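The structure comes first, and the description follows.

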Amino acid sequence: MVKIKIDGVEYEVDEKKNLIDATKEVGVEIPYFCYHPALSIVGMCRMCLIEIEGVPRLQAACNTPVKEGMGIITKSDRVKEARAGTMEFLLANHPLDCPVCDKAGECRLQDNAFGSGSGHSRFEFEKRNIPQEEIGTNLIINHNRCIVCYRCVRFEEEKVGQSNLGLFERGNHSIIGLAKSEPIDHNYQGALADICPVGALLNNKTLFKSRVWWYKSHKSVCHGCSTGCNVTTNVRDNKMYRYMVRENYDQGMFFLCDKGRFDLDWMNENRLHSYLEAGKPSTSKEVISKIADRMKAAKSIAVLGGAHESNETLDSLKKSFESISRELGGKSIQWESRVTDAQNKDTEQVDFLLTKDYHPNTKGAVDLGITTTSGISGITSAIKSGAIDLVIVLKESIPEGIDPSKVIVFDTNLTDAAKSASLAAPIQIFAESAGSFTNKNGLKQNFEQSINPIKGLETAAGVMDLIFQKLTEKAEASVGNR
């Protein structure tokens, strides 16, 4: 930590951070467009100009290292005039289409125009008009809105490892465009739209879906894989609309892959909201009673899955199974959370964020001891041989070769597993309650409740509590007249 002066006031800031980030931590905002904490510095937008004591010319804050005793000025007339001039140039050709732009409400150009703009334009000529293009399988570019901040080009080259985009032409004719003949088809098209500070890059999947100010937002963790990227959920009418990146400087989390970002439809559609018997709707009373009877009659029980559940739900489930085992006279209940090859191996990356383990809480389940020595292969062999005659599957597919009549499924959606199992119980998705996931590095991260579950819908642990209550239910002694 070092001491610096900002507008005449002394602050203690982190010397390892960029000046923009360091001042932001103490409550002083320096406007910018092209700067990003995880990308290289290019100083292209000239929006972050500041005065430094003892230096005659204005300097770009993004390219200025933090030093002990330095003094900077962020609000002088000279600085304000420079920023207003920058905004005037950026808005010269920018269309006034905020009412139809998907970025409206979360656009840096809007924010900086209000904070640093002059309020009027001297540009009286016809604005340039370049047709919109589809440059990816899920990516549109509106050239008229682009301010050539170069963020997208840097992100692709530095993080994705591809060079699909480039800067073409010069001066007033400069545009960002495809450097290849093929459209972009990688796993980070959503990230490209996300880091664009204006509405130049947009995703087809979210285009014109909702205004950002209609969303209710909550802190959460991406469910797509074991990386556990920090996200902000955007919910409207109790439906999940978007995942947006929640930057975590300490853990170096600044981006989100398309696999996690756009895998949201299952939260809103095809939900399992009724108990099933042989694939047909039944009542909770009937199904819970039959599950309890099946557990009493079983020689041995296996539980498969659970790495989609929160640590808190898993802990409650573990205690419930232990209690049930004791209630049934020490009956064997084996629980294996690792049901895929990727869960049994050291972390394998698909790209710089996405892993091959598509479960958000494998590490949490392993830390809780929800594993077996024989693994999933040993359990499936025991099931096929008849040594295990009852299987409870937690939001997973039924293993190949297992007789569905031996299976009870807990699921959030009306899946093939739920329809083919002998009995099925509906459970909440992770976003319908608060909890935590433990990512591949052992980092435990909390998430907030984003969606309200329908009345009566339980977590997997809640369903097991109902089953345990049924198992321990004592028949009332009948009392009659003598």
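## Helices α8 and α13

Helix α8 (residues 284-297) packs against helix α13 (residues 460-471) at an angle of about 65°, and their axes are 9 Å apart. Helices here are DSSP runs of H or I with at least four residues, strands are runs of E with at least two, and both are numbered from the N terminus. Axes are lines fitted to C-alpha atoms, for helices over the stretch in contact, and angles run from 0 to 180 degrees between N-to-C directions. α8 and α13 are therefore roughly perpendicular to each other. Angles under 35 degrees count as roughly parallel, over 145 as roughly antiparallel, 65 to 115 as roughly perpendicular, and the rest as oblique. The crossing of α8 and α13 is right-handed; a crossing has this label if the near helix is turned clockwise from the far one by less than a right angle, and is left-handed if anticlockwise.

On the α8 side, I288, S289, I291, A292, M295 and K296 meet V463, M464, L466, I467, K470 and L471 of α13. Contact means heavy atoms within 4.5 Å. By class, this contact has nine nonpolar, one polar and two charged residues. Ala, Val, Leu, Ile, Met, Phe, Trp, Tyr, Cys and Pro count as nonpolar, Asp, Glu, Lys and Arg as charged, and the others, Gly among them, as polar.

## Basis of the model

The model is predicted: local features need pLDDT of at least 70, side-chain atom pairs count only at pLDDT 80 or more, and totals for chains, interfaces and linings use all residues. Residues are numbered from 1 along each chain as its sequence is written, and side-chain values use heavy atoms, with hydrogens and water left out.

## Helices α9 and α13

Helix α9 (residues 311-327) also packs with α13, at an angle of about 15° and with the axes 9 Å apart. α9 and α13 are therefore roughly parallel to each other, and their crossing is left-handed. From α9, the contact involves T313, S316, L317, S320, F321, S323, I324 and E327; from α13, it involves A460, A461, M464, D465, F468 and L471. Eight nonpolar, four polar and two charged residues make up the contact of α9 with α13.

## Helices α2 and α3

Helix α2 (residues 77-92) and helix α3 (residues 108-116) pack at about 135°, their axes being 10 Å apart. That makes α2 oblique to α3. The two helices cross in a left-handed sense. R83, A84, M87, L90 and L91 of α2 meet L109, N112, A113 and S116 of α3. The classes in this contact are six nonpolar, two polar and one charged.

## Annotated spans and domains

An unreviewed UniProt entry places the feature "domain: 4Fe-4S His(Cys)3-ligated-type" at residues 78-117. That span is 60% helix and 0% strand, and its end C-alpha atoms lie 14 Å apart. UniProt also lists "domain: 4Fe-4S Mo/W bis-MGD-type" (unreviewed entry) at residues 215-271. Residues 215-271 are 14% helix and 35% strand, with end C-alpha atoms 22 Å apart. UniProt annotations may be inferred rather than shown by experiment.

The protein is divided into domain 1 (2-75) and domain 2 (276-472), with bounds from an automatic or database domain assignment. Taken over C-alpha atoms, the domain centres are 51 Å apart.

## Residue R246

R246 sits in the loop between β13 (239-245) and α6 (258-261). Its C-alpha atom is separated by 9.2 Å from that of L256, ten residues apart along the chain. Leaving aside neighbours within four places in sequence, R246 is in contact with K219, S220, N230, V231, T232, M253 and N446.
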